[in-house]
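Let's learn to read a protein model feature by feature.

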Amino acid sequence: MSQNSPTEESRKARYIIDPVSLREVVSNEAAVESRIEELENIGEPGDAERISWLRMLRRLQEAEELGWITLVKSGGVTDNRQIVTPLPFQAVAGALRLAHVLHWQKRYSQADRLFTAALESAQSEIDNSEMNPVAARSLAAFAWQHLGKLHFDQGQFADALQSFESALVLRQELKSPEDQLASTRQAICTAEACLAQKVKPL
């Protein structure tokens, strides 16, 4: 087994998307803890995945600190945590992960700035690349999806719906994996229901 291979326990690390809150919910916390430990032992190559699992376990302070570290390394922010504008494309994925953590901390303005900077960078890459910018389109789809969730948690259901629909267009164009398409369709249905009922999410 290679250093990066998950153990039998950590292979059980899974999550589902709650259809009401649209948030990831882990199904086996012990397995996720095991996976986090493995990723920490791997070092920098495991940091991206580790941020996500830390967030899902609501270890948000740890996730945030690691998010800033990785974003600095990718050139997305300065040492004093100022976002570099325009955001370099190589920093987009890290910006999305950190913005998602800030969102869960209810630091909505900061999260919005990072999501928007990431989306603008991905869109610029799409517009200016002479090759097929699959990676840029994929990251733009993630940016739209999570920006939609940010709006959703603030009760801005019309904006959320628009963002989810933008994500779905990109994911359909890319023929993205079915789980990604399903999560976006689910988000659209939930946002439409909340918009129709004019209720705030749980």
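Q: Which residues line the largest cavity?
A: A cavity is a space where a probe fits but cannot get out. In this predicted model, the lining of the largest cavity is made by Ser 21, Leu 22, Arg 23, Glu 24, His 100, His 103, Trp 104, Lys 149 and Asp 153. Its volume is about 40 Å³, and a search of the whole structure turns up 1 cavity of 30 Å³ or more.

Q: Which helix gives the largest share of that cavity's lining?
A: That's α4, with 3 residues. Both α4 and α6 supply at least two residues each. By residue type, the lining of the largest cavity splits into 2 nonpolar, 3 polar and 4 charged.

Q: Is Leu 22 buried or exposed?
A: The cut-off for buried is under 20% relative accessible area. Leu 22 has 2%, so it is buried. Now try Lys 175, which has a positive phi of about 55° although it is not a glycine. You'll find Lys 175 in the loop between α7 (157–174) and α8. Exposed means over 50%, and Lys 175 has a relative accessible area of 72%, so it is exposed.

Q: Back to α4: how do I check its length, and what span should its 13 residues have?
A: You compare an expected span with the distance between the end C-alpha atoms. At 1.5 Å a residue, the 13 residues of α4 should span 18 Å, and the end C-alpha atoms are 19 Å apart, which agrees.

Q: How many of the residues in α4 are buried?
A: Count them one by one and you get 11 of 13, so α4 is mostly covered by the under 20% cut-off. Among the buried ones are Val 92, Leu 96, His 100 and Trp 104.

Q: Now for pockets. What is the volume of the largest pocket, and how many residues line it?
A: Unlike a cavity, a pocket is an open set of points. The largest pocket has a volume of about 720 Å³. There are 22 residues in its lining, and Tyr 15, Glu 24, Ser 52, Phe 142 and His 146 lie nearest its centre.

Q: Which element gives the most to that pocket's lining?
A: It's α2, with 6 residues. At least two residues each come from β1, α2, α4 (92–104), α6 (134–153) and α8 (178–197). The lining of the largest pocket holds 9 nonpolar, 6 polar and 7 charged residues.

Q: How many aromatic pairs does the structure hold?
A: To find them, you look at ring centres and at the angle between ring planes. The structure holds 2 aromatic pairs. In one of them, the rings of Tyr 15 and Trp 53 have centres 6.1 Å apart and planes at 75°, so that pair is edge-to-face. Tyr 15 lies in strand β1 (residues 15–17) and Trp 53 in helix α2 (residues 47–56), so the pair ties together parts that are 38 residues apart in sequence.

Q: Last one: where is the cis peptide bond?
A: Here the angle to read is omega. The peptide bond from Thr 85 to Pro 86 is cis, with omega near -5°. Pro 86 sits in the loop between α3 (60–73) and α4.

Methods
Residues are numbered from 1 along each chain as its sequence is written. This is a predicted model: local features need pLDDT of at least 70, side-chain atom pairs count only at pLDDT 80 or more; totals for chains, interfaces and linings use all residues. Side-chain values use heavy atoms; hydrogens and water are left out. Rings of Phe, Tyr and Trp (its six-membered ring) pair if their centres lie within 6.5 Å; planes under 30 degrees apart count as stacked, over 60 as edge-to-face and the rest as tilted. Helices (H or I, at least four residues) and strands (E, at least two) are DSSP runs, numbered from the N terminus. On a 1 Å grid over the protein atoms alone, a cavity is a set of points where a 1.4 Å probe fits but cannot get out, and a pocket is an open set with protein on both sides within 12 Å along at least five of seven lines; lining residues have an atom within 4 Å of a point. Grid points are joined across faces, edges and corners, and a volume is the space filled by probe spheres set on the points. Ala, Val, Leu, Ile, Met, Phe, Trp, Tyr, Cys and Pro count as nonpolar, Asp, Glu, Lys and Arg as charged, and the others, Gly among them, as polar. The expected span of a helix is 1.5 Å times one less than its number of residues. Buried means under 20% relative accessible area, exposed over 50%, partly exposed in between (1.4 Å probe, protein chains only).
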